[in-house]
Amino acid sequence: MLTVLALAAYAVVLALVIGTAGAAATRYAGRDQPVHWGTFRLTERDCSTNRYGGETCLWYGTWTPDDGSRPVRDVEYDNGSSDPKDAPVGDVRTGYRDADLLDAEPGTVWDADGIDSTWIVPAIFAAIGLAVLTYLVFEWGDAARLRRWWRRRSATSGR
């Protein structure tokens, strides 16, 4: 019998896999949606030192849409790098798609080279979560239990 702890762990990991896979699928399918273009200007740099002595940074600023609507403040700029040397300088051409939105305004904007690859990170997390789930099922012995249950079920339904 599966323990409550094992079921809870499976449920949590499965929910994470479904959520990240859903985000990846939505962003992948949204690649044909129009891009809302604008310019990003850096206002805040959030850098920290990692355990290996290297520095990683996140960049926040104001995004001004090309369509003339009001600027959006505290937007994260994602160019695929967290290296301090890759900080945006001046007005940087950036955009987002409606599939990337959680709210009515963008929380993250991407550079022109990364706008089509926003689905990759959630897909990687979904794959890692699926691998963890598979590992746990086999490590905790539940795969063998499920296989025996399936064989018993198949044997009784075939009569």
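Is Arg-41 buried, partly exposed or exposed, and what is its relative accessible area? Arg-41 is partly exposed, with a relative accessible area of 44%. Here buried means under 20% relative accessible area, exposed means over 50%, and partly exposed lies in between (1.4 Å probe, protein chains only).

This is a predicted model, in which local features need pLDDT of at least 70 and side-chain atom pairs count only at pLDDT 80 or more, while totals for chains, interfaces and linings use all residues. Residues are numbered from 1 along each chain as its sequence is written, and side-chain values use heavy atoms, with hydrogens and water left out.

**Salt bridges**

The count comes to five salt bridges. The rule asks for a side-chain nitrogen of Lys or Arg within 4 Å of a carboxyl oxygen of Asp or Glu. The table gives three of these pairs, including the one made by Arg-41.

| Pair | Closest N and O atoms |
|---|---|
| Arg-41 and Asp-91 | 2.9 Å |
| Asp-83 and Lys-85 | 4.0 Å |
| Asp-142 and Arg-145 | 2.2 Å |

Arg-41 forms its salt bridge with Asp-91. This pair links distant parts of the chain: Arg-41 sits in strand 1 (residues 36–49) and Asp-91 in strand 4 (residues 91–96), 50 residues apart. Helices (H or I, at least four residues) and strands (E, at least two) are DSSP runs, numbered from the N terminus. Asp-91 is partly exposed at 49% relative accessibility.

Asp-142 and Arg-145 share helix 3 (residues 142–157). They are three residues apart, about one turn of the helix. Asp-142 is buried, with a relative accessible area of 3%.

Asp-83 is partly exposed at 28% relative accessibility. Lys-85 counts as exposed at 71%.

**Aromatic pairs**

A pair of aromatic rings is described by the distance of the centres and the angle of the planes. Rings of Phe, Tyr and Trp (its six-membered ring) pair if their centres lie within 6.5 Å; planes under 30 degrees apart count as stacked, over 60 as edge-to-face and the rest as tilted.

The whole structure holds five aromatic pairs. One of them joins Tyr-28 and Trp-119, edge-to-face, at 4.9 Å centre to centre and 80 degrees between the planes. Tyr-28 lies in helix 1 (residues 4–29) and Trp-119 in the loop between strand 5 (108–111) and helix 2 (120–139), so the pair ties together parts that are 91 residues apart in sequence. Tyr-28 is partly exposed at 40% relative accessibility. Trp-119 is partly exposed at 26%.

Another pair, Trp-149 and Trp-150, is tilted: 6.1 Å centre to centre, 55 degrees between the planes. Trp-149 is partly exposed at 44% relative accessibility, and Trp-150 at 48%.

Tyr-28 has a further contact. The charged end of Arg-31 sits over its ring, 4.0 Å from the centre. The rule places NZ of Lys or CZ of Arg within 6 Å of the ring centre and within 35 degrees of the ring normal.

**Largest pocket**

The largest pocket holds about 240 Å³ of space. On a 1 Å grid over the protein atoms alone, a pocket is an open set of points where a 1.4 Å probe fits, with protein on both sides within 12 Å along at least five of seven lines; lining residues have an atom within 4 Å of a point. The volume is the space filled by probe spheres set on the points.

Residues lining this pocket include Arg-27, Asp-78, Trp-110, Asp-111 and Pro-122. Helix 1, strand 5 and helix 2 each supply at least two lining residues.
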